[in-house]
Amino acid sequence: MSSIISETVVLFGGGNMVMNDPGFIVGPITSFFGSILNFIFEFVNSFATYNTLGISIVLLTIFTRVIMIPLAIKTQKSMVAMQAISPEMMKIRKKYEGDRSRETQQKMNAEIQALYSKNKVNPLGGCLPILVQMPIFIALNFIMQQSYRYVTEIGSVFSQISEQILSMVDYLGAEAYLQLVIPHFRAKITNSMWEAGRLNAGVAADVETIVSRFSAAEWSSFIAEMPADMQATMYELVAQKDALEMFFGINLGQLSGMAFPGIIIPILAAVTTFLSSYFMTKLTSSMTTDPTQKQMQKVMLFMMPLMLGFFTIQMAAGVGVYWITSSIFQFVQQIILNKMYFKKNVQATS
């Protein structure tokens with residue numbers, strides 16, 4: 001079958017089209033979290049009929065944040081240490097206040113660095129959780145846009161879908177099959193993501209890759225052109241796929257975008273990030289008297305939610321679900337750690 005299609009589809013060539021490889025850094029992270037997601041999905045799927053992938057992402061996020069708790073504790077200790085040396089930092093800054101010469105600024109920075117070194121404080125300690133999460137963020141985007149490659153149950157449904165589509169070659173003949181599928185497949189490779197790829201319309205992996213990008217409207221249009229006695233089976237398979245991939249009506253494997261209902265994900269990502277950052281700023285505001293740091297906190301309070309909202313618009317909706325859950329977890333975690341370490345530090349210094 002595939003050889004007939006390969007010879008016929010000159011327009012697309014005969015190679016195997018796949019998504020960009022995540023690379024040697026993100027690749028292992030993608031494989032690891034893909035395996036964890038598959039394990040969680042199989043557990044959730046044993047009792048949840050709908051919203052399975054979304055629930056699995058929430059549980060994956062909780063798992064990720066739990067294993068990052070030691071890092072969070074280290075960050076909290078760093079913040080408390082920063083508070084402890086804040087008066088000394090203010091003295092150093094006041095000492096060189098009014099002199100903006102390069103030489104003076106170098107002396108001031110050297111004294112501040114010596115203060116950090118003496119007290120074993122890392123001023124960038126608060127950035128570590130975000131830096132650690134970024135590769136996970138990117139890896140999850142690869143996983144979500146190819147969930148059928150990482151989640152066995154979803155892959156099984158996609159395999160049945162591609163098998164059903166390719167069976168039309170024997171049913172209609174190669175030429176009629178190509179006339180039916182090319183317009184629909186062609187529409188999904190106009191994105192720059194696919195421009196360097198080569199499609200073989202007779203290879204199951206290529207068919208799965210293309211149809212994984214289909215919207216609900218595109219599925220309806222495509223199935224409507226299939227032979228009548230195949231339509232019922234295809235509608236049933238697509239319904240199975242949606243039951244696994246959808247989360248309250250949003251396809252987690254496709255880009256959130258600007259349209260409803262997908263836009264809900266970036267909005268919630270921005271709002272939860274803002275609320276989490278706002279309450280964290282309130283909780284930790286007394287940890288620094290440095291006006292520069294306070295100003296930076298105010299800027300980041302608004303910049304981070306806007307950046308996250310923008311990023312999640314252009315990423316798979318499942319990534320947004322991960323970030324929303326992560327922001328909520330971080331807020332609760334911060335309240336607990338703040339009580340444990342900040343109050344303890346206040347008692348020790350009073």
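**View 1. The one cavity in this predicted model.** Search the whole structure and you find one cavity of 30 Å³ or more. On a 1 Å grid over the protein atoms alone, a cavity is a set of points where a 1.4 Å probe fits but cannot get out. This is a predicted model, where local features need pLDDT of at least 70 and side-chain atom pairs count only at pLDDT 80 or more, while totals for chains, interfaces and linings use all residues. Residues are numbered from 1 along each chain as its sequence is written, and side-chain values use heavy atoms, with hydrogens and water left out. The largest cavity has a volume of about 50 Å³, meaning the space filled by probe spheres set on grid points joined across faces, edges and corners.

**View 2. The cavity lining.** Residues count as lining if they have an atom within 4 Å of a point. Around the largest cavity they include Met 144, Gln 146, Tyr 148, Phe 158, Arg 213 and Glu 245. Two or more lining residues each come from α6 (128–145) and α7 (147–150); helices here are DSSP runs (H or I, at least four residues), strands are E runs of at least two, and both are numbered from the N terminus. Sorted by class, this lining has three nonpolar, seven polar and two charged residues.

View 3. Is Gln 146 buried or exposed? Gln 146 is buried, because its relative accessible area is 5% (buried means under 20%, exposed over 50%, partly exposed in between, with a 1.4 Å probe and protein chains only). Its side chain makes a polar contact with the side chain of Arg 149 at 2.8 Å. Such a contact is a pair of N or O atoms within 3.5 Å; within protein, one must be able to donate a hydrogen and the other to accept it, and residues adjacent in sequence count only if both atoms are side-chain atoms.

**View 4. The second largest pocket.** A pocket is an open set of points with protein on both sides within 12 Å along at least five of seven lines. This one has a volume of about 350 Å³. Of its 24 lining residues, the closest to the centre are Ser 215, Ala 216, Met 246, Asn 251 and Gln 254. Helix α13 gives the most to the lining, with five residues.

Conventions: Ala, Val, Leu, Ile, Met, Phe, Trp, Tyr, Cys and Pro count as nonpolar, Asp, Glu, Lys and Arg as charged, and the others, Gly among them, as polar.
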